[in-house]
Amino acid sequence: AAGTLSSMRILFVHQNFPSQYLHIVQRLARQGGHQLVALGINELDRNRSIPESLSYFRYPLKRGNAEDVHPWVMETETKVIRAEACAQAAEQLKQKGFQPDLICAHPGWGEDLFLKAIWPDCPLLCYQEFFYNDRGFDSNFDPEFEDDTLWQSKAKLQMKNAFLNITLDQADWNVCPTHFQASSFPEHWRRKISVIHDGIDLKRAA
């Protein structure tokens, strides 16, 4: 049976967990009743006040980029390698009987790409940071140096966004920390994005 709002099985996916998910897992742990599970690559830093009730599993990368891969595809290949490793770890969790009610994933390194293949009916909530644009953001923002003739630069940006388009297509919903970052996404994707700021620890910032 699916978990209720007061008792949920939640999977967090971030290569450097907890990262942006630190405060939400702390809050959920204090709320109690939830099963919190996380997948990541790096060793968990328990000095960051990770709840003891959270179960953390690391997944290893079993290969690197192939030789002579086209440079425009290299970043996509890197993300597929990470996505494969993450999906293999997710499959092991599934075989052990874990069925999440919600997956919260950061897609920046590609890890979420195949999670819907493991749990097709589980809602996927993605933390989106940025969508590459050919002008006005990180490219062609200075009129003095704009160059509309280089189709190659646009092609490179298309390939950098390739995995994001797959992620956005699969995600049931997305969260973006600022309106500026959300504005980088095409309009048809912004309809599936909520802007929710990460928050500021006022006690530490005081």
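1. Tryptophan 119, in this predicted model, is in contact with Leu11, Ala90, Leu93, Lys94, Phe98, Gln99, Pro100 and Ile103, leaving aside its neighbours within four places in sequence. Trp119 is also listed, with Leu11, Val13, Leu39 and Ile103, among the residues with the most contacts inside the largest nonpolar core.

2. That core has 22 residues. Two or more residues each come from strands S1, S2 (35-40), S4 (102-105) and S5 (124-127), and from helices H2 (71-95) and H3 (115-118). H2 gives the largest share, 6 residues. Another core, of 17 residues, lies apart from it; Leu22, Val25, Tyr56 and Cys104 are among its members.

3. Histidine 14 sits in the loop that runs between strand S1 (9-13) and helix H1 (22-31). Is histidine 14 buried or exposed? Its relative accessibility is 2%, so histidine 14 counts as buried, the cut-off being under 20%. The histidine 14 side chain makes a polar contact with the side chain of glutamine 20, at 3.1 Å.

4. Beyond neighbours within four places in sequence, the contacts of histidine 14 are Ser19, Gln20, Tyr21, Leu39, Gly40, Ile41, Tyr59, His106 and Trp109. Of these, Leu39 is one of the residues with the most contacts inside the largest nonpolar core.

5. Helix H5 (residues 162-170) has Phe163, Leu164, Thr167 and Leu168 buried. Viewed down the H5 axis, the buried residues fall within an arc of 135 degrees, so they line one face of the helix. The elements covering them include helices H2, H4 (151-160) and H7 (187-190), together with strands S5 and S6 (173-176).

Key: Residues numbered from 1 in each chain as written. Predicted model: local features only at pLDDT ≥ 70, side-chain atom pairs only at ≥ 80, totals over all residues. Heavy atoms only, no water. Helix = DSSP H or I, 4+ residues; strand = E, 2+ residues; numbered from the N terminus. Buried < 20%, exposed > 50% of the residue type's maximum accessible area, 1.4 Å probe, protein only. Polar contact = N/O pair within 3.5 Å; in protein donor to acceptor, adjacent residues only side chain to side chain. Contact = heavy atoms within 4.5 Å. Core = buried A, V, L, I, M, F, W, Y, C linked by side-chain atoms within 4.5 Å. Arc of directions from axis to C-beta.
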